[in-house]
Amino acid sequence: MISALDLFRIGLGPSSSHTVGPMRIVTAFLVELRERGRLGEVARVRIGLQGSLALTGEGHGTPDACIIGLCGYRPETVDPQEAYAAVADVRATGRVTLLGEREIGFDPQTDLVLDFASMPDLHPNGMVLSAYDAAGARIDEADFYSTGGGFFSSRAQLEQTARNDQLIFGPPVRLPFGSGAQLLEICAHEDMAICEVVLANEAAWRPEAETLAGLDAIAQAMNACIDRGLSREGHLPGELKVRRRARAIHQNLIARPQDNQAETLMDWLNLYAMAVNEENASGGRVVTAPTNGAAGIIPSLLRQYCSEGNNAIAVKARRYLLTAAGIGMLYKQRASISGAEMGCQGEVGVACSMAAAGLAAVWGGTPEQVTAAAEIGMEHNLGLTCDPVGGLVQIPCIERNAIAAVKAVNAAKLALHAGETPRVSLDQVIETMRQTGVDMSSKYKETSQGGLAINVVAC
């Protein structure tokens, strides 16, 4: 089991797998050297980016993320402006201070390599980190993989086989579940809602008060990200010169008479999702939910249905986020939330499924209706490809989040209106997503080698 506060984590855009994950990997590599008492010997660090990290690394900001990690900044706490200023200084001086402690020479042209020829064997997002002493002797070398959502694993961890098909890491939780069917059985046996099951399990990591405070902080960060996105204009970074649209749409909406027409509701959902993903595309602070490329969907519904103004209502927001997290855990356990493994169905599709489940719970749905909403949310995202134009998390990513936010609301409504047991279970649709991702051509899994990425002129 993983914690809800690991599934929702604050970080920097534009990609959890290509920025947050590599940032954490580089820092972890250096911290391990420091713990072994060898950081003081390091005179050179070389980082090799492989697979999708090489193919779309430039557009996704991976090289800058690696430099930020070398400096020791952590994605959940670093100020974006401070981080990017540090990157500019390293590029200008050719010097970096590892973890803020040891200064060495660092040339991004030779020490930070986009290895297009190497395709990693265990996961498409591979990194090889090497450390050398002043004589050029190698002190250490390690393979890591950024597995989506800011999570990462070493080669040894990915090669390790689970005992009895069970997870072999993490603390024991009170009510473990590894499938939607098991989750529903627990809800029935314990007479608990899905959010209550997830909250009970969070006690394995921290006291309940700390978990609730963490959820409140996540909700606050989501709303703050929307507010920043609504206040900014101009063009997003990169060769596409995509113009920010959220602020103009917002000004248009608040100038119109307020009504409850479906079209107006759709406008607000679109707006909130786009505001988040424009912030993400600019490298700003977002909440991974469950990835950065899909970060706008869950906040959009949170703002519309669990908030007053820009302040989340704690009881609603907690129920929404805990329920969504419970569903997200199933995708993380049984398939993947990595676009490089599953295509965009593993990012936007999973976020749509999570948001639909959370909203169904807020609207009073039973556990069966909640999982039905999650199933509907994914069923109509199956086969969704990840083909970012120019390797940037902009086209089609920003609009795709907006469309998925509206789709999540519809999925929740359909589930609550249903009067019979769904013919397709949540477990079946998760397995279908996994199989579809395995069968999908690598051209359509975050490589920019197919789809829109080759049919749209980038500049």
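This is a predicted model: local features need pLDDT of at least 70, side-chain atom pairs count only at pLDDT 80 or more; totals for chains, interfaces and linings use all residues.
Biologist: Into which domains is the protein divided?
Modeller: The bounds come from an automatic or database domain assignment. They give domain 1 (12–162) and domain 2 (180–204 + 206–454).

Biologist: How many residues of domain 2 are in contact with domain 1?
Modeller: Contact means heavy atoms within 4.5 Å. The centres of the two domains, taken over C-alpha atoms, are separated by 28 Å. On the domain 1 side, 28 residues take part; on the domain 2 side, the number is 26.

Biologist: What is the volume of the largest cavity?
Modeller: On a 1 Å grid over the protein atoms alone, a cavity is a set of points where a 1.4 Å probe fits but cannot get out. Grid points are joined across faces, edges and corners, and a volume is the space filled by probe spheres set on the points. A search of the whole structure finds one cavity of 30 Å³ or more. Its volume is about 160 Å³.

Biologist: Which residues lie closest to the centre of the largest cavity?
Modeller: Lining residues have an atom within 4 Å of a point. The largest cavity has 22 of them. Closest to its centre are Gly293, Glu347, Cys386, Val393 and Cys397.

Biologist: Which elements give two or more residues to the lining of the largest cavity?
Modeller: Helices (H or I, at least four residues) and strands (E, at least two) are DSSP runs, numbered from the N terminus. Two elements qualify here: α2 (16–35) and α19 (397–417).

Biologist: Where does the largest cavity lie relative to the domains?
Modeller: Look at who supplies the lining. Domain 1 and domain 2 both give residues to it, so the largest cavity lies between them.

Biologist: What is the volume of the second largest pocket, and which element gives the largest share of its lining?
Modeller: A pocket is an open set with protein on both sides within 12 Å along at least five of seven lines. The second largest pocket has a volume of about 710 Å³. Of its 37 lining residues, Gly61, Asp64, Tyr84, Ser282 and Gly283 are the closest to its centre. The largest share, five residues, comes from α5.

Biologist: How many charged residues are in the lining of the second largest pocket?
Modeller: Ala, Val, Leu, Ile, Met, Phe, Trp, Tyr, Cys and Pro count as nonpolar, Asp, Glu, Lys and Arg as charged, and the others, Gly among them, as polar. At least three lining residues come from each of domain 1 and domain 2. The lining has 15 nonpolar and 14 polar residues, and the charged ones number eight.

Biologist: Why is helix α18 largely enclosed, and which elements do its buried residues pack against?
Modeller: Buried means under 20% relative accessible area, exposed over 50%, partly exposed in between (1.4 Å probe, protein chains only). In α18, 11 of the 13 residues are buried, so the rest of the structure largely encloses this helix. Among the buried ones are Pro367, Gln369 and Met378. They pack against α9 (180–190), α10 (194–202), α15 (314–334), α17 (348–362), α19 and α20 (426–439).

Biologist: How many residues of α17 are buried?
Modeller: The expected span of a helix is 1.5 Å times one less than its number of residues. For α17 that gives 21 Å, and its end C-alpha atoms are 21 Å apart, which agrees. Gly364, with a positive phi near 90 degrees, follows this helix. The buried residues of α17 number 15 of 15.

Biologist: Is Ser300 buried or exposed?
Modeller: Ser300 lies in helix α14 (residues 297–305). Leaving aside neighbours within four places in sequence, Ser300 is in contact with Leu269, Tyr272, Ala273 and Ala405. Its relative accessible area is 0%, so Ser300 is buried.

Biologist: How far apart in space are Gln333 and Phe177?
Modeller: Gln333 lies in helix α15 and counts as partly exposed, at 26% relative accessibility. Gln333 and Phe177 are 156 residues apart in sequence. In space, C-alpha to C-alpha, the distance is 9.9 Å.

Terms used. Residues are numbered from 1 along each chain as its sequence is written. Side-chain values use heavy atoms; hydrogens and water are left out.
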